[in-house]
Amino acid sequence: MKEDNCLHAALICMGMLYYSHAFATEKVTHARPSLHGHHEKGKEGQVLHRSKRGWVWNQFFVIEEYTGPDPVLVGRLHSDIDSGDGNIKYILSGEGAGIIFVIDDKSGNIHATKTLDREERAQYTLTAQAVDRNTNRPLEPPSEFIVKVQDINDNPPEFLHENYHANVPERSNVGTSVIQVTASDADDPTYGNSAKLVYSILEGQPYFSVEAQTGIIRTALPNMDREAKEEYHVVIQAKDMGGHMGGLSGTTKVTITLTDVNDNPPKFPQSVYQMSVSEAAVPGEEVGRVKAKDPDIGENGLVAYSIIDGDGVDMFEITTDYETQEGVVKLKKLLDFETKKSYSLKVEAANVHIDPKFISNGPFKDTVTVKISVEDADEPPIFLKPSYIFEVQENAASGTVVGKVHAKDPDAANSAIRYSIDRHTDLERYFTINAEDGNIKTVKALDREEIAWHNISIFGVEVHKQHQEAKVPVAIKVVDVNDNAPKFAAAYEAFVCENARSNQQFITITADDKDDSANGPRFIFSLPPEIIHNPNFTLRDNRDNTASVFVRREGFSRQKQDLYLLPIVISDGGLPPMSSTNTLTIRVCGCDSNGSLLSCNAEAYILNAGLSTGALIAILACIVILLVIVVLFVTLKRQKKEPLIVFEEEDVRENIITYDDEGGGEEDTEAFDIATLQNPDGINGFIPRKDIKPEYQYMPRPGLRPAPNSVDVDDFINTRIQEADNDPTAPPYDSIQIYGYEGRGSVAGSLSSLESATTDSDLDYDYLQNWGPRFKKLADLYGSKDTFDDDS
């Protein structure tokens with residue numbers, strides 16, 4: 001810190017000296033301000049002299065980061081017309097005027113009031129002017145000048161990145177460029193050495209070095225091995241002032257990774273591998289794995305495996321698993337323990353990619369011996385053939401031998417084999433097989449036209465080991481026998497015109513035979529012997545499995561006969577030949593003069609010429625529609641009558657019928673028969689429930705049955721209550737039971753006044769006189785007997 005203060009003071013002194021020298025040498029007095037050169041040409045070619053400036057100005061300098069107690073003197077402005085009497089006033093304007101830079105308006109001295117930073121702003125442009133202090137009249141034209149901020153070394157170098165990452169191949173030569181790091185300094189590079197940087201390495205020796213001027217990092221040691229050490233951490237320093245004492249510095253970290261090269265061959269960790277495989281293994285099954293280790297990575301560590309020698313080259317193969325870098329030994333062919341019990345292989349592992357620069361390190365491959373032992377397995381039976389094909393004639397008798405299959409046990413035990421048919425392949429049970437010798441026979445007659453081939457499967461199972469079985473397909477061809485006669489290939493129906501000419505062909509027919517072509521190389525067509533001289537038609541065999549039918553005579557009439565049936569005999573060429581008689585239907589039709597078909601109906605002659613078939617169909621359709629409308633109308637009419645009757649019945653049921661019978665009085669027990677309250681079903685002592693079906697028959701308790709014609713309603717109701725309480729089939733105890741009992745007559749008698757005047761009463765109402773004025777009315781009405789007599 002002390003050194004920095006001394007440096008600042010020295011720079012300030014240098015600036016002051018520089019300013020004084022510049023002021024002394026640059027002082028010029030002018031009469032007029034001008035910004036042009038010494039001579040200028042006017043519009044008419046005349047020479048104009050530059051006006052003299054009336055006051056002195058200069059370019060000023062100020063040191064950045066000055067921290068002294070007093071403002072820094074930047075410079076002084078002075079006009080030639082200033083006589084020192086104080087009448088001239090100096091004014092400063094422009095960038096930072098009055099804030100950063102202030103001027104003494106009498107002396108013209110300019111001071112910087114704030115600390116300046118060149119990295120923020122390198123110079124300021126200001127304007128100075130001299131005016132009369134009393135009148136503010138300008139005495140000199142305004143003039144601009146520049147204040148430059150003088151740089152000091154106050155910024156350390158900074159790297160573009162805080163951390164760098166770089167790669168370099170392992171075993172690179174000394175001086176191989178790795179990466180270039182760059183630092184920058186904010187100080188002025190044109191003034192002094194403040195921005196002159198020098199690079200050096202602080203950490204990372206002796207593996208790497210750095211160029212002092214460029215910052216390029218290079219390898220410093222030969223044959224650096226990635227397998228020994230892969231990553232290095234290097235610290236680079238950048239120092240200004242050309243690296244001299246007192247300069248500022250900055251550092252950065254560089255992580256350098258050695259990339260892999262193929263400088264290591266693969267090596268097997270052992271010289272012999274032992275493996276085993278069962279003889280029951282199928283081709284493609286994995287036997288075992290070998291692995292050669294290669295410390296290289298990526299493409300440089302890829303290893304390919306191959307079998308180069310051994311007695312198992314034809315039986316085994318090896319592939320490379322590139323995910324695990326292992327060699328996978330697989331079975332190539334079926335093994336037989338009884339034939340050979342062990343094999344030997346010589347396996348080679350070699351790098352896929354080889355770098356020519358390191359070929360001198362030796363062959364990039366290694367070999368190992370693989371010994372494989374075959375393990376005995378309990379094998380299933382083996383049929384002598386992978387499949388069998390047999391033939392049998394159709395319609396052969398039951399029990400006919402079709403063929404024979406044979407299997408054996410490949411194991412040393414040589415167990416006996418039993419045979420059976422897979423019934424899923426012979427659902428109809430056409431065949432059977434002898435379990436001991438494998439002979440296949442028919443069970444019933446076969447029909448080639450129904451099934452031409454039978455594909456069945458035969459099982460062979462060891463007698464003592466039922467789980468060991470083999471399966472073989474057997475195809476049985478049913479050989480054709482000529483047992484089907486040929487027939488028409490289609491349902492032929494021929495048409496002949498009424499005006500047909502003699503020997504005119506009108507149809508060509510062919511035949512079809514279900515038998516094989518060997519039993520019917522060609523068909524023979526003929527007419528039966530009894531109609532060979534048919535007067536109407538004749539037949540010609542075309543000898544190409546077709547026949548043509550011709551008209552023998554001229555002229556046919558539909559009115560006489562509109563249909564002819566022509567029998568045709570068809571024979572095949574089988575041994576023995578088969579034949580059948582087929583009938584050809586021939587219709588007589590009306591045709592025009594060109595032979596085009598018009599009509600084949602004989603009734604067409606009878607119909608009126610004015611009515612065509614289409615017109616008749618339209619008339620019939622109209623009649624049918626009218627009948628349907630009539631039926632619908634009758635049906636709807638019936639459906640409308642039925643709801644009226646139902647509605648009337650519902651109205652009858654919903655009518656309210658009223659009666660003017662008010663019943664008897666409270667004491668009238670003779671107006672109705674009390675026995676009607678009794679349930680007729682309860683006379684026998686059993687009252688069934690109507691809401692549920694009783695589980696058992698209720699037997700009434702003795703002594704609870706009332707008299708059927710009892711007139712005491714109270715006793716009747718009490719009796720029914722007891723029956724309900726003791727009857728398990730009766731409704732629940734809390735259900736509502738209604739009885740038509742209004743109670744006995746009142747002891748007080750009737751209070752009605754309707755009969756008071758006419759009926760004598762023994763009651764005394766004199767006590768009403770003592771009840772007060774409120775009962776006076778009643779006392780007057782129901783007074784004593786004497787009172788009534790007096791009133792009468």
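This briefing describes aromatic ring pairs and ring–charge contacts in the structure above. The model is predicted, so local features require pLDDT of at least 70 and side-chain atom pairs count only at pLDDT 80 or more, while totals for chains, interfaces and linings use all residues. Residues are numbered from 1 along each chain as its sequence is written, and side-chain values use heavy atoms, with hydrogens and water left out. A search of the whole structure finds 16 aromatic pairs (rings of Phe, Tyr and Trp, the last by its six-membered ring, with centres within 6.5 Å; planes under 30 degrees apart are stacked, over 60 edge-to-face, and the rest tilted).

**The pair F268 and Y305**
- F268 and Y305 form a tilted pair, at 6.3 Å centre to centre with 55° between the planes.
- This pair links distant parts of the chain, 37 residues apart: F268 lies in the loop between β20 (249–259) and β21 (272–278), and Y305 in strand β23 (residues 303–310) (strands are DSSP runs of E, at least two residues, numbered from the N terminus).
- Both F268 and Y305 are buried (under 20% relative accessible area, 1.4 Å probe, protein chains only).

**The pair F537 and F556**
- F537 and F556 are stacked, with 5.8 Å centre to centre and 10° between the planes.
- F537 belongs to strand β41 (residues 537–541), and F556 to the loop between β42 (546–551) and β43 (563–571), 19 residues apart.
- F537 is buried at a relative accessible area of 2%, and F556 is buried at 6%.
- Ring pairs link F506, F537, F556 and Y564 into a cluster.

**Charges over rings**
- K341 lies over the face of F337, 4.7 Å from the ring centre (NZ of Lys or CZ of Arg within 6 Å of the ring centre and within 35 degrees of the ring normal).
- The charged end of K444 sits over the ring of Y430, at 4.9 Å from its centre.

Definitions and conventions
Helix = DSSP H or I, 4+ residues; strand = E, 2+ residues; numbered from the N terminus. Buried < 20%, exposed > 50% of the residue type's maximum accessible area, 1.4 Å probe, protein only.
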